Every structure is written in structure tokens, then in C-alpha cells.
Amino acid sequence: MNQSQELGFFNSNFVYFPLPKKSTGARFTYELAIGSLTITSSTEVPFGLYARLALIALTNLAFRSKESPIKSFTVYKLLHDLRWYKPSGLQLVKFANQLINWSTTLITLMYRTEERTSFKNLVLIDSAEFRLEKDLEDDMHVYLQFTDSGRDFLIESAFPIPLEALQKVKCAFDLDALAWLISSVYQVSKTNTPRFIYWENLYEQFLISQKNQSKFKSSFGMSLYEMKSLFYSDARVKKTSEGIQIFPSPLLTKEKSKSCLMIPNLGG
């Protein structure tokens, strides 16, 4: 892995609670043993690959938001910087719609541990304006300002994901599998202790019903190994009939070895 490669930044909370892959309307609730996620929106809950790309783009902007409270950009440039190739009109519309969805979203997170239960309610965007300005390259221009809590949430929960993956991954499921792989390897490498994840736990985490267990084993295993081969060849994992074994491995990027990949502490 090239340690100097450019990176995008994904949010560790949405590894534990993956965003919906299809439209769920204006509300989405997700319950796990470790806690819950509820997202409500005045437009639509962010979903699919472009919701994830929009979240990564917002996180990259959040890192630079202290330079200027109001960030301005074109939808074309923001998506082009993530994907490199020239986006189509349909791709730009999908991306812009998910940026709008994030701008109108309320996130409620709850985590449970043996010692405490922690809650966080927040919106990421304080204000946003989307303008189609024909005198400026006929592109949609966006002006937005993060809330303080939203900016901190994005920055503090960020971990690196290869920009090459953002350019090539074609579906939300593959991006979730890669984010899960990076997060899992980090956790076992930090403790230097291998960890075994049972399929039952993965079914629950990835919102797969019991009727789809056999299909999930095949599709997740295939996706995981493809993402590993393409973007994280140093990751040491082994698939068995019972689950997936994860072994301590070289971290994806040495300079980001302290990224927040454990369950976030939302209290205080």
C-alpha cells in the first residue's frame, strides 16, 4: 500500500450502523446490541453509494472548515475530486440529491457499554444553499456552513479510506465491506489479538434478514476479498463456514494509525 496516496475519510459510526442502501423515506431506525441509530430528514434519509460519497466529501470539507466557516464549491468539482473521471449528468443529480439529504438530516446515535449508555443528537449542516448559476460554467454551486457539533462529529469519527477505492467502487455494499475491513483490522491490530466475527453478527450489522443468510455469506465474502485484493492486500483475514477470522495486519496508513475506529465515546 502506498503510504503517501491521497485519502478520503469515512465515518466510523456508519461502519457500525451502515446507511440504508435503498430509499427508506424520511425516517430510518437501526437497532443493534451495541446501540441504535435513527435518522430523520425533511427530504429523504441519505441512502446508497452516493450518500456515502457525499458523506466522505463533507468530511473532507469539514477538515478545512476552520479556514473559512462557509464552504463553497460546485457539485461537479466535488464529485470529480472523489471519482476523477468526468461525472455524467445523472451521477451529478444523484450526488446533489444526497448532499441535500445530508443538509436536512437529524442524526440520533446511542451506544451501550457495560459502564455507560451515551446519546448524541446532531445535525451536520447549519445552513446550505444550492444554486444553478449559468454564468458560472452552468454548474450547481453549493454554499454551506457546518454546525460546530456536526463538524466535530465528522472530524473526530473519521478514518482514512483509499481515494482509489472511491474512484472504482460501484456499489454501496462494496464500500461498506471495505470500510468494515479497514475498521476490523485496525481494532485487532491495536490489541494485537485476532478476532472471530460470526456470520450471525454480520447478518445483523448489514441489515440482512435470516432468509438471506446463504446469499449473504457468498456475496459478503466475495465483496470482502475483492476489496482486500484491490485496495488492502496487507489485510489478513480468513473466511470459514462459521464466520470471518481477522488477524493483526499492517495498518492501511501509518500516519493515520490513531484514527477513531473503536466504538465512539459520546459522553461529555
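Predicted model: local features only at pLDDT ≥ 70, side-chain atom pairs only at ≥ 80, totals over all residues.
Setting aside neighbours within four places in sequence, phenylalanine 73 is in contact with Leu61, Leu78, Leu99, Met140, His141, Val142 and Leu144. Phenylalanine 73 belongs to strand S4, which covers residues 70–74. With a relative accessibility of 11%, phenylalanine 73 counts as buried. Tyrosine 143 lies 70 residues from phenylalanine 73 in sequence, yet their C-alpha atoms are 6.8 Å apart in space. Tyrosine 143 also has a charge above its ring: the charged end of arginine 131 sits over it, 4.5 Å from the ring centre.

Now for the aromatic rings. The count of aromatic pairs comes to 19. One of them joins phenylalanine 173 and phenylalanine 216, whose ring centres are 6.4 Å apart; the planes stand at 85 degrees, over the 60 that edge-to-face requires, so the pair is edge-to-face. This pair links distant parts of the chain, with phenylalanine 173 in helix H7 and phenylalanine 216 in helix H9 (residues 213–231), 43 residues apart. Both rings also belong to a cluster linked by ring pairs, made up of Phe173, Trp180, Trp199, Tyr203, Phe206, Phe216 and Phe220.

Here is how some of the residues in this report compare with the solvent cut-offs.

| Residue | Relative accessible area | Class |
|---|---|---|
| Phenylalanine 73 | 11% | buried |
| Phenylalanine 173 | 17% | buried |
| Phenylalanine 216 | 2% | buried |
| Asparagine 192 | 59% | exposed |

Most residues other than glycine have a negative phi. Asparagine 192 has a positive phi, near 55 degrees.

Conventions: Residues numbered from 1 in each chain as written. Heavy atoms only, no water. Helix = DSSP H or I, 4+ residues; strand = E, 2+ residues; numbered from the N terminus. Buried < 20%, exposed > 50% of the residue type's maximum accessible area, 1.4 Å probe, protein only. Contact = heavy atoms within 4.5 Å. Phe/Tyr/Trp six-rings, centres within 6.5 Å; stacked < 30°, edge-to-face > 60°. Lys NZ or Arg CZ within 6 Å of the ring centre and 35° of its normal.
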